[in-house]
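Q: Please take a close look at the site around the ligand, and then at the open spaces in the protein.

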Amino acid sequence: MEQPVSRPSPLLEIREISKHYEIGSGFLGRNKQVLKAVDRVDLTVYQGETLGIVGESGCGKSTLGNLMMQLTDATSGTITFDNTPFSQLSREMLRRKRRDIQMIFQDPFSSLNPRLKIFDILAEPLRTHRIAEGRQLTERVHELLEAVGLPLQSADRYPHQFSGGQRQRVGIGRALALKPKLIVCDEPVSALDVSIQSQILNLLAKLQKDYQLTYVFIAHGIPAVAYISDRIAVMYFGRIVEIADKRALIERPAHPYTEGLMASVPISAPEQRGRKKGLVGETPNPFQPPSGCVFHPRCPYAQQRCSAEAPSLAPLADGRLAACHYPLNQGGVRS
Ligand SMILES: Nc1ncnc2c1ncn2[C@@H]1O[C@H](COP(=O)(O)OP(=O)(O)OP(=O)(O)O)[C@@H](O)[C@H]1O
Ligand code: SF4
Ligand SMILES: [Mg+2]
């Protein structure tokens, strides 16, 4: 579907992926309801890029990240990583492939075992995958500490002896241990002080260059991913509603929801203030999605067609993808 002209080759290709949860059974399953956490998402992540994924709480960002990581099974759809569909891999091959995809979480404290010293936290993946032992293991752990900017003495300490930012550095070191190709960063800086956030973002940017990493970077808002991302995908209610190069998306959002997300944060340039329409209303009840375009009850541009017909994610005149019958900023051209 996406055909960028000069992009590097795809690393991760997600096709029609869905994750539906069946909630509540009741007598004879009468009250069973389906929650579509991720619904028929198509997405390609290219080698070496950072793809930001944004959207309000509950829109399915983490579920999509977990699907990429194979932490949860898809209800339907396929994921191809490095030209190999996950579904075609044997259990052993899948275990090996999984080394190539790692994750960094929002809360480094709860994702680090408090009883293990930093040395053992960083050594664990290397031991599990029998990559290093003895002196080689110590050297590798020291390399990792250096790469994430922690002193070597950190190896003998426990997670609680570190600040949030330092703990996130340990989390990043652990993710790097197996020399992955792709790292899914699920809100890695949102729990940190603002001053620390930029240090961690700079570190991630440096590591990307040094280790030729590809990132998927998840956050609620566009500003949180703007610095680090090359492209940004906007999610609403389990679907992707727009994907575009960062600049185009920020300067000329095509989907009204993207525009709303942008306007929901303070805009620094005075001429931009008050120009855009902020988000109104709440995200819909996940068990009762609105008809047609699920965004229509909140959309300031909704027309009759919008409540009747669901728009699909399709290329616009400028090459980006958006799921809207009346996309914005298309030079007056609306399909
Ligand atoms: N294990 C589960 N069982 C049932 N529903 C789930 C489960 N995990 C997630 N959900 C639901 O799926 C939807 C998407 O959740 P998800 O955690 O992916 O959203 P998110 O965009 O990461 O939100 P946040 O920004 O708050 O982290 C939500 O409605 C959530 O309640
Ligand atoms: S399809 Fe209609 S309701 Fe949906 S985002 Fe576009 S204009 Fe708004
Ligand atoms: Mg989440």
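**The shell around ligand 1**

A: In this predicted model, three elements each supply at least two residues of the shell around ligand 1: β1 (10-23), β2 (33-46) and α1 (61-68). The largest share comes from α1, with 3 residues. In total, 14 residues surround the ligand, and the closest are S57, G58, K61, S62 and T63. Sorted by class, the shell has 6 polar, 5 nonpolar and 3 charged residues.

A backbone N or O atom of G58 lies 2.8 Å from an oxygen atom of ligand 1. For S62, a polar side-chain atom lies 2.8 Å from an oxygen atom of the ligand. In T63, an N or O atom of the side chain is 2.5 Å from an oxygen atom of ligand 1. Taken alone, the ligand exposes 630 Å², and the protein buries 64% of that.

Of its 8 residues, 6 are buried, so α1 is largely enclosed by the rest of the structure. The buried residues are K61, T63, L64, G65, L67 and M68. Of these, K61 and T63 are also listed with the residues closest to the ligand. Just after α1, Q70 takes a positive phi of about 65 degrees.

Rolling a probe the size of a water molecule over the atoms shows where empty space is left. The largest pocket holds about 710 Å³ of space. Its lining comprises 35 residues, with D39, Y236, F237, R239 and V294 closest to the centre. By class, the lining of the largest pocket has 22 nonpolar, 7 polar and 6 charged residues.

The second largest pocket has a volume of about 490 Å³. It is lined by 19 residues, and M69, R98, I101, Q102 and L178 lie nearest its centre. The elements that give two or more residues to this lining are α2 (91-98), β6 (101-104), α4 (118-128) and α6 (164-176). Here the largest share, 4 residues, comes from α2. The lining of the second largest pocket divides into 9 nonpolar, 4 polar and 6 charged residues.

Note on methods:
Residues numbered from 1 in each chain as written. Chains lettered and ligands numbered in written order. Predicted model: local features only at pLDDT ≥ 70, side-chain atom pairs only at ≥ 80, totals over all residues. Heavy atoms only, no water. Near = heavy atom within 4 Å. Polar contact = N/O pair within 3.5 Å; in protein donor to acceptor, adjacent residues only side chain to side chain. Areas by Shrake-Rupley, 256 points an atom, 1.4 Å probe, with all protein chains shown as cover. Nonpolar A, V, L, I, M, F, W, Y, C, P; charged D, E, K, R; others polar. Buried < 20%, exposed > 50% of the residue type's maximum accessible area, 1.4 Å probe, protein only. 1 Å grid on protein atoms, 1.4 Å probe; cavity = no way out; pocket = protein on both sides within 12 Å on 5 of 7 lines; lining within 4 Å. Points joined across faces, edges and corners; volume = space filled by probe spheres on them.
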